Amino acid sequence: MFTDKNSGIHLVMTGAPGTGKGTQASVLKRRFGLCHLSAGEMLREEINKGTSIGKRLEPLLAAGSFAPDDLVIEMVENRILEPDCANGFILDGFPRTINQAEVLDKMLSSNKIKLNAVLEIVVPDEVIIDRIAGRYTCVKCGESYSDNFYKPKVAGVCNICGGTKFSKRLDDNRETVVKRLAKYKDLTYPTINYYGKEGVLKKVDGNGAVDVVAKRISDAIGF
Ligand SMILES: [Zn+2]
């Protein structure tokens, strides 16, 4: 699709847990052949593969510390230069803090990569709480569903892979969701303001059906 790394699509996807940003990232990934880079999944992959980053990370995470920003950025940099990211990438769950956003900026500009947009998916708290409480995931491909908003077309069968096993996270209940939302706001709102000042922030109303929100995103990013 694109011949060099500077002409791909480079997005940061942000939004509280339960805004449907993971689902929208999957839509964008399929539509443009982008790689979807979730910080949490990348960390687990480094550790599972026993890479040099993974080996440095493991003792820190085992001791209950956060992954240090410089290691995370090194991991992201390695990853976005791989061939499957040639059409571009969607960063999901990163950056989470202003420091991470600044380090990311430096790394991207040293690779002559510009962010096309930072998408903030906005959904009212009450809607998020209802969504997460009814949420479950396909065991085989990881597609997320919700009782109230996004059910499989055929009951009990995954839309994406045809899998029939689903799992529900134990912490997907009202009480923990309220806590997660508060934590998200404390930590990530400053990052959103940072991108607001840089002029790349696009706020997208995430309240609605998956295809409706996908259309709003494509209008916001202009493709
Ligand atoms: Zn599936």
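## Aromatic contacts and the disulfide

The model is predicted. Phe166 pairs with Tyr145: the ring centres lie 5.8 Å apart and the planes stand at 80 degrees, so the contact is edge-to-face. Tyr145 sits in strand 6 (residues 144-146) and Phe166 in strand 7, so this pair ties together parts 21 residues apart in sequence.

The structure holds seven aromatic pairs. In another of them, Tyr136 meets Phe166 with centres 5.6 Å apart and planes at 85 degrees, so that pair is edge-to-face. Tyr136, Tyr145, Tyr150 and Phe166 make up one aromatic cluster.

How many disulfides does the structure hold? There is one. Cys35 and Cys85 form a disulfide, with sulfur atoms 1.9 Å apart. The torsion about their S-S bond is about 110 degrees, so the disulfide is right-handed. Cys35 belongs to strand 2 (residues 35-38), while Cys85 lies in the loop between helix 4 (69-80) and strand 3 (88-92); the two are 50 residues apart. Both Cys35 and Cys85 are buried.

| Residue | Relative accessibility | Class |
|---|---|---|
| Tyr136 | 19% | buried |
| Tyr145 | 1% | buried |
| Cys141 | 36% | partly exposed |
| Cys158 | 3% | buried |

Methods
Residues numbered from 1 in each chain as written. Predicted model: local features only at pLDDT ≥ 70, side-chain atom pairs only at ≥ 80, totals over all residues. Heavy atoms only, no water. Disulfide = S-S within 2.5 Å. Helix = DSSP H or I, 4+ residues; strand = E, 2+ residues; numbered from the N terminus. Buried < 20%, exposed > 50% of the residue type's maximum accessible area, 1.4 Å probe, protein only. Phe/Tyr/Trp six-rings, centres within 6.5 Å; stacked < 30°, edge-to-face > 60°.
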